[in-house]
Amino acid sequence: MTESVSTQQQLRTPVLRRSFRKPYPAAVRAESVYVWDADGKRYLDFSGSAAVNFIGHGVREISDAMAEQARQLEFVHTSQFTTPVAEEFAQELLDFAGVGFAGGAVYFTCGGSESVETALKLARQYQVEIGERNRHQILSRQQSYHGATLGALAVSGNRKRREIYLPMVREFEHVGIPYCYRCAFDCTDNCYNCGQQYAAELERAIEATKGAAAGFIFEPMSGATLGAVTPPPGYLQAVADICRRHGVLLIADEVMTGMGRTGRNFAIEHWGIAPDILVTAKGVSSGYAPLGAVIASKKVVDAIAAGSGAFLHGFTYNAHPVSVAAGRAVLRCLRALNLVHAADSQTDGTAGSALKVALKGLRELDAVGDVRGLGLLWGVEFVADKRTKAPFPPEKNFVGLVRQACLRRGLLVYPMQGCVDGIAGDHLLIAPPAVITAEQIAWAVEQIRAAIKESFVH
Ligand SMILES: Cc1ncc(COP(=O)(O)O)c(C=O)c1O
């Protein structure tokens, strides 16, 4: 037996884990921005797990609300009942999403992928209801991520996560995504013109469907795949205008950026656009329960209500009372602690602005090519050569080394590879809970600085 096979066997457990090659510490407790493992080691959660936790860990009010709901009514099926908690939270979410969603409705799911699947089907049914039966294609972007289920994977552009499943999915057109650090155009105007060129590419793709495009799904800010890349000025406004002119529903995937993470209730507010469907998860329950939400505008809901009268979709666990109770309590907490403001990196004195300043200090390191982001969602991109922006060879797994060094120092970060072309390119995603203090941020960024230096000489 070779050594590597025996190591793999040692790492086998009854749980089918994400990797057989990697040991996972057992987490046993968490509070505020810290997680403890079974050996008593403390980790500062600088990635909110995977951009999930926004209100901090271990908030008693949330577990109390969940326990109370479970005691009163643990579950009913949505084909038989609604519940007060779902009705109330749906209205609260519509209000949180802003005037663009007044008179709309919310479909609750168990997470991001289910929400994306729901949104894709909702867009299709909307088109059928208004008599556009040929519209069935959903356009999306390269280097995007919309989830792990087959429909969500079909509209995703994350090469590594899709590759082996491609023969199983039905694909529509993926258009280019603006990525200003590695802009494909020679921009001298802060990428305004290239944004317009990317928008024009979408318009050409819609026209090429010859009237079959039902919707366009996009992340307002790139999440894991590119690492907190913000769109160039004018781009999203142009995209929204193109979709409207062509009768294509605009679907904003705010699974990662939603619920305050970027310093606005939803990231779309930074660019003043109003999608027809808004998809959220992660922060909606801050990880306290599996929960996602599809927030549909009045236009979409009216078409189904006045048409066939039934959304042809359903999961056993949609609008699960305990998950919805968790979401309601999280939103109450988020409001009481003013956490959307805390996340705002454009206002001095907030956690968001402390994070921005601290991370930008990493730019002086040889291995750091770019630091970008908004609010409490940031990406740190690594390069082997700062002048040419050449990435590290993927097999070096530079970001994996940085992650390991951070872990040894008691810091949790979110490492990703593939930002350059789906395979090469290393970056860290940073997305701490909004209750983090300036001191904790300063400590965490110092650990990252030391981890990068250690890994660079490796
Ligand atoms: C933008 C985006 N959409 C969808 C998903 C899928 O969500 P989930 O992992 O909850 O299914 C993710 C997950 O990271 C995401 O970042």
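The model is predicted, so local features are described where pLDDT is at least 70 and side-chain atom pairs count only at pLDDT 80 or more, while totals for chains, interfaces and linings use all residues. Residues are numbered from 1 along each chain as its sequence is written, and side-chain values use heavy atoms, with hydrogens and water left out.

Helix 4 covers residues 84–97, where helices (H or I, at least four residues) and strands (E, at least two) are DSSP runs numbered from the N terminus. With 14 residues, helix 4 reaches 20 Å from its first C-alpha to its last, close to the 20 Å expected at 1.5 Å a residue; the expected span is 1.5 Å times one less than the number of residues. Its buried residues are Val85, Ala86, Phe89, Ala90, Leu93, Leu94, Phe96 and Ala97. They cover an arc of only 160 degrees around the axis, which puts them on the same side of helix 4, the arc being that of the directions from the helix axis to the C-beta atoms. Buried here means under 20% relative accessible area, exposed over 50%, and partly exposed in between, with a 1.4 Å probe and protein chains only. An α-helix has 3.6 residues a turn, so residues three or four places apart point the same way. The buried residues of helix 4 pack against helix 3 (60–72), strand 4 (105–109), strand 9 (277–280), strand 10 (292–296), helix 11 (321–336) and helix 12 (339–343). Just after helix 4, Gly98 takes a positive phi of about 100 degrees.

Helix 4 also takes part in the lining of the second largest pocket, to which it gives the most, with 5 residues. A pocket is found on a 1 Å grid over the protein atoms alone, as an open set of points where a 1.4 Å probe fits, with protein on both sides within 12 Å along at least five of seven lines, and lining residues have an atom within 4 Å of a point. The volume of this second largest pocket is about 740 Å³, taken as the space filled by probe spheres set on the points, which are joined across faces, edges and corners. Of the 32 residues that line the pocket, Ala105, Val106, Tyr107, Phe108 and Asn318 lie nearest its centre. At least two lining residues come from each of helix 4, strand 4, strand 10 and helix 10 (298–306).

Elsewhere, Gln127 has its place in helix 5 (residues 112–129) and counts as buried because its relative accessibility is 0%. Leaving aside neighbours within four places in sequence, Gln127 is in contact (heavy atoms within 4.5 Å) with residues including Glu132, Arg133, Ala213 and Val248. Pro167 is found in the loop between helix 7 (159–162) and strand 6 (174–175), and at 74% relative accessibility it counts as exposed.

Further along, Ala405 lies in helix 14 (residues 398–408) and, at 1% relative accessibility, counts as buried. Not counting residues up to four places away in sequence, Ala405 touches Ala451, Glu454 and Ser455. Helix 15 spans residues 438–456, and its buried residues include Ala451 and Ser455.
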